[in-house]
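User: Could you walk me through this model, one question at a time? I would like the cut-offs along the way.

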Amino acid sequence: MSTLPVFRWHFAPDGYATRRQLRARDLRPGGQDVAAQLERPRRRGRPPLVAYLYRVDLALPVRPMTPGRWRAHEAMMRARRTCPECHRDAGYVIPPTLGSCVTCAYPEEQRAA
């Protein structure tokens, strides 16, 4: 197993990009392995921040959203907005820390208001 080339932050050569940089160009890694990594040093002995890089020349175009994918995405977002207790659409993504809409999570505060 060979080791990955490591570059310092802001010093990666042309031809490499992170996932976000690929996405900004309407590309995706397309199954390729990580080609290199960036390391950003931090203070006080903390480990460096690491970003993985992919080769731009091996990247593939982003797959277009089909009507079926849009339906699946809408269903997933609807499920994230639906309260499991009152079964209503909260109008926002329900925080996993609450596990239910604000009205169900704090009923005593809603009665006082």
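This is a predicted model: local features need pLDDT of at least 70, side-chain atom pairs count only at pLDDT 80 or more; totals for chains, interfaces and linings use all residues.

User: Where is Q32, and is it buried or exposed?

Analyst: Q32 sits in the loop between β3 (27–28) and β4 (36–40); strands here are DSSP runs of E with at least two residues, helices are runs of H or I with at least four, and both are numbered from the N terminus. Leaving out residues up to four places away in sequence, Q32 touches Y54, R55, L58 and A59, where contact means heavy atoms within 4.5 Å. Buried means under 20% relative accessible area, exposed over 50%, and partly exposed in between, with a 1.4 Å probe and protein chains only. At a relative accessible area of 15%, Q32 is therefore buried.

User: What about G31: buried or exposed?

Analyst: G31 is also placed in the loop between β3 and β4. Its C-alpha atom is separated by 9.2 Å from that of L58, 27 residues apart along the chain. With 73% relative accessibility, G31 counts as exposed.

User: Which residues form the largest nonpolar core?

Analyst: A nonpolar core is a set of buried Ala, Val, Leu, Ile, Met, Phe, Trp, Tyr and Cys residues joined through side-chain atoms within 4.5 Å. In soluble globular proteins, nonpolar side chains tend to be buried together. The largest one here has 6 residues: A17, L22, L27, Y54, V56 and A59.

User: And how many residues are in the other core, the one with A36 and L38?

Analyst: This core lies apart from the largest one, whose members include L27 and V56. Among its residues are A36, L38, A51 and L53. The number of residues in this other core is 5.

User: How does the lining of the largest pocket divide into nonpolar, polar and charged residues?

Analyst: On a 1 Å grid over the protein atoms alone, a pocket is an open set of points where a 1.4 Å probe fits, with protein on both sides within 12 Å along at least five of seven lines, and lining residues have an atom within 4 Å of a point. The largest pocket is lined by 13 residues, with A12, Y16, A17, Q21 and L53 nearest its centre. Ala, Val, Leu, Ile, Met, Phe, Trp, Tyr, Cys and Pro count as nonpolar, Asp, Glu, Lys and Arg as charged, and the others, Gly among them, as polar. The lining divides into 7 nonpolar, 4 polar and 2 charged.

User: Last one: what is the relative accessibility of S100?

Analyst: S100 lies in the loop between α2 (67–81) and α3 (102–105). Not counting residues up to four places away in sequence, S100 touches C83, P84, E85, I94 and A105. S100 counts as buried because its relative accessibility is 2%.

Technical notes: Residues are numbered from 1 along each chain as its sequence is written. Side-chain values use heavy atoms; hydrogens and water are left out.
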